[in-house]
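This report describes a protein model for a reader who is new to structural work. Please keep the sequence and the structure in view while reading.

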Amino acid sequence: MAVASSAHSGIHRRVLVVDDEENLRHMLTVLLKREGYEVSAVANGEAALAELEARSYDLVLADVRMPKMGGLELLEALRRGASRRPSS
């Protein structure tokens, strides 16, 4: 996995990792933090929606198939939410 590093620029980008496999969440978290990213990780789409309500993220990495709510369902929920927000 190649990730452009933001550590040297002083910019801390926030990434949300969404995956039901704990080992993969951990591995991605370690790799992204090593590259200078601020990382949060959750186990499913429902938890991701709650996290996205609480904080803003620059990038969401989501597994497609997860229990409760998969990545595609999460994307659709985010699109529906974005379409309901007033434009600024």
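Val-64 is placed in the loop between strand 3 (59–62) and helix 3 (71–84). The model is a predicted one. With a relative accessible area of 48%, Val-64 is partly exposed. Together with Leu-72 and Leu-75, Val-64 makes a nonpolar surface patch of about 280 Å².

Lys-68 also has its place in the loop between strand 3 and helix 3. The relative accessible area of Lys-68 is 64%, and this residue is exposed. Most residues other than glycine have a negative phi. Lys-68, although it is not a glycine, has a positive phi of about 75 degrees.

## Overall architecture

The secondary structure of the protein consists of three helices and three strands. Read from the N terminus, the order of these elements is β-α-β-α-β-α. The protein has 88 residues, of which 30% count as buried. Its accessible surface is about 6,100 Å², and carbon and sulfur atoms contribute 50% of that area.

How much of the contact total, counted at a separation of 6 or more, comes from residues 24 or more positions apart? Such residues account for 62% of these contacts.

Helix 2 spans residues 45–54, and its buried residues are Gly-45, Ala-48 and Glu-51. Viewed down the axis of helix 2, these buried residues fall within an arc of 115 degrees, so they line one face of the helix.

Ser-40 belongs to strand 2 (residues 38–42). Is Ser-40 buried or exposed? Its relative accessibility is 16%; the cut-off for buried is under 20%, so Ser-40 counts as buried. The side chain of Ser-40 forms a polar contact of 3.0 Å with the side chain of Tyr-57. When neighbours within four places in sequence are left aside, the contacts of Ser-40 are Val-15, Leu-16, Val-17, Glu-51, Arg-55 and Tyr-57.

Thr-29 lies in helix 1 (residues 22–34). Thr-29 is buried, its relative accessible area being 14%. Not counting residues up to four places away in sequence, Thr-29 touches Val-39 and Ala-41.

## The salt-bridge network

Two salt bridges are found in a search of the whole structure. In one of them, Arg-14 pairs with Glu-38, with the closest N and O atoms 3.5 Å apart. Arg-14 lies in strand 1 (residues 14–18) and Glu-38 in strand 2, so this pair ties together parts that are 24 residues apart in sequence. Arg-14 is partly exposed at a relative accessible area of 26%, and Glu-38 is partly exposed at 31%.

Glu-38 also meets Arg-55 in a salt bridge, at 3.8 Å from N to O. This pair links distant parts of the chain, since Glu-38 is in strand 2 and Arg-55 is in the loop between helix 2 and strand 3, 17 residues apart. Arg-55, at 33% relative accessibility, counts as partly exposed. Through shared partners, the salt bridges join Arg-14, Glu-38 and Arg-55 into one network.

How values were computed: Residues numbered from 1 in each chain as written. Predicted model: local features only at pLDDT ≥ 70, side-chain atom pairs only at ≥ 80, totals over all residues. Heavy atoms only, no water. Buried < 20%, exposed > 50% of the residue type's maximum accessible area, 1.4 Å probe, protein only. Helix = DSSP H or I, 4+ residues; strand = E, 2+ residues; numbered from the N terminus. Arc of directions from axis to C-beta. Patch = residues over 30% accessible without salt bridge, like charges linked within 9 Å, V, L, I, M, F, W, Y side chains within 5 Å. Areas by Shrake-Rupley, 256 points an atom, 1.4 Å probe, with all protein chains shown as cover. Salt bridge = Lys/Arg side-chain N within 4 Å of Asp/Glu carboxyl O. Contact = heavy atoms within 4.5 Å. Polar contact = N/O pair within 3.5 Å; in protein donor to acceptor, adjacent residues only side chain to side chain.
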